[in-house]
Amino acid sequence: MDYVIMFYEPAQLFADREDPAKSGAYWGAWMDYIGALQQSGLVKGGQGLQGPATATTVRVTDGKRQVQDGPFADTKEQLGGFFMLEAPDLDTVLEWAARSPAAAYGCVEVRPVLPPMPVPG
Amino acid sequence: MQDDAPTAGASDPRRAAEKAARASYGRLVAYLSARSRDVAGAEDALADAFRAALETWPVRGVPERPEAWLLTVARRGLIDAARRATTRSDSAAMLVQAAEEAEESRMQTGTDDFPDERLKLLFVCAHPAIDPAARTPLMLQTVLGLDAARIAAAFLTSPAAMGQRLVRAKARIRDAGLRFEVPERPDWQDRLAAVLEAVYAAYGAGWEDVTGTDPHRAGLAGEAIDLARLLTALVPEEPEALGLLALLLHCEARRPARRGVDGAFVALAEQDTALWLVPLQREAEEALRRAARMGRIGRFQMEAAIQSVHALRGRSGRTEWAAVAMLHDALAGLSPTVGVLVSRAAAHAEVHGALAGLDLLDALPADAVKSYQPYWALRAHLLTRSGDAAAARQAYGLAIGLSEDPAVRDFLRRRMPQ
């Protein structure tokens, strides 16, 4: 079964990515985690995202476009990246979620992917 | 620091009251469900009484007859429930009858002395027809009255999923009519092994929660030791139950030494033995001696014996690695799990050098160790010792990536060769 595992990080950690004094520790932790995850053979895809300040949000209300700077919700933690994993069960994915650096300072959300839609007609 | 050790707090009135409430609760759930096969019904009947006990006993003290206290409150609830019940009326009636029998038996003897059916309950929880993943949670809930959310956190599952798993297991006991019995030979050994395994898993679920303070990963180490102690009381002639208790006590004795003052991870070899809890180690040694006198060796006694050799460092100042390695060889013959084989490699590396340890690691199947953190942590350490810094760095990276505990990640990072 396929799952998406999403890493939510607090603002401070997005700042750490750019801070020369802290970026080494930040990326080091992620590279170790990603290396171990890649080796598990579960990864189907995934990306890291640039910080929430680079986000643009679009809505169409009553036919009118609304374009807004920043993420859709101003929450304490923001999406920092994701992986798609093919895993035998949720328990396996939760183990990987708990190992991620984000689990210790932010949170990690795991969602099963929808099964393929039947082709209409 | 000793206050943090869950088992060292017998003098703490709160912990004592909670223990008494859990023991009485377990006895009553066992008694009522053994007669009705309705575990969920028995739990429901006792839930309010148990909650009230957990609130009032720590404040007002444990009543003189704790079971009578719970039973009186529960019986009223049961009779009400039986009146309301339309569907499962059979089991509701059986539950009321069981409660009345318990009450009568108490009256006649003038004590709380109705039969202790907790052993049967433990065997039902670890029954081969019950999903192995549900066995430990089921024990923790029915025998000790822990709630699903607390169990779920320890097992890294959502409370909803854990709740469902427990409901399914209890429905299976009732609907498939699993027998509440103490198995006879020839099943005895296998069935007992499943019970021991489930208690051991409860301790494992609490192992990572070193300080016992993280509400998200609330450890179950104290509860697991309670179960192990209960088991040795219920089957005093079984050396493996004593072996399991000895193993858990030895591990628990080292808990205060597993973190430095700054919260940093401290490896076993570097632990300050002055922080080890000597009373727990003594109790472990006594349990192991009693087991040894019965002359039937087993996996848990062997594991406890290994911990016992480590504990000796507290007195002698040094570790007898040759003895540790020899015991691991014997243990690997009994129970060749990946965990045992990796520790065996570590012990052999101490006796015969890093290369001997690496040879043993190389012999393990790649698939089994791919995502096994202790394998990579040991491999990294041995590669460093053998002078292969590049390969060591790679192994450290994997070990760090596989660690869940930030303190362990920091520890490994500090050790990684530059």
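This is a predicted model: local features need pLDDT of at least 70, side-chain atom pairs count only at pLDDT 80 or more; totals for chains, interfaces and linings use all residues.
I'll start with a pair of strands in chain A: E1, residues 2-10, runs antiparallel to E5, residues 77-86, and nine bridges join them.

Now the whole sheet. Chain A has four strands in an open sheet, ordered E2-E5-E1-E6, with antiparallel pairing. Strands E2 (43-48) and E6 (107-112) of chain A each have a single partner strand, so one side of each has no neighbour in the sheet. From one strand to the next, the twist averages 20°.

Next, the interface. How many residues of chain B are in contact with chain A? The count is 16, and they meet 16 residues of chain A. Together the two chains bury about 1300 Å², with 54% of that on carbon and sulfur atoms. Leu156(B), Lys370(B) and Gly401(B) supply 33% of the area that chain B buries against chain A, more than any other three residues.

There is one salt bridge between the chains. Asp91(A) and Arg165(B) form a salt bridge through their side chains, at 3.6 Å from N to O. Four residue pairs are in polar contact between chain B and chain A.

On the chain B side, helices H19 (389-402) and H20 (406-415) are the elements giving two or more residues. H19(B) has the largest share, five residues. By class, that side has six nonpolar, five polar and five charged residues.

Methods:
Residues are numbered from 1 along each chain as its sequence is written. Chains are lettered from A and ligands numbered from 1 in the order in which they are written. Side-chain values use heavy atoms; hydrogens and water are left out. Two strands pair if DSSP finds at least two bridges between them. Axes are lines fitted to C-alpha atoms, for helices over the stretch in contact, and angles run from 0 to 180 degrees between N-to-C directions. Contact means heavy atoms within 4.5 Å. Buried area is the accessible area (1.4 Å probe) that two parts lose on being put together, summed over both. A salt bridge is a side-chain nitrogen of Lys or Arg within 4 Å of a carboxyl oxygen of Asp or Glu. A polar contact is a pair of N or O atoms within 3.5 Å; within protein, one must be able to donate a hydrogen and the other to accept it, and residues adjacent in sequence count only if both atoms are side-chain atoms. Ala, Val, Leu, Ile, Met, Phe, Trp, Tyr, Cys and Pro count as nonpolar, Asp, Glu, Lys and Arg as charged, and the others, Gly among them, as polar.
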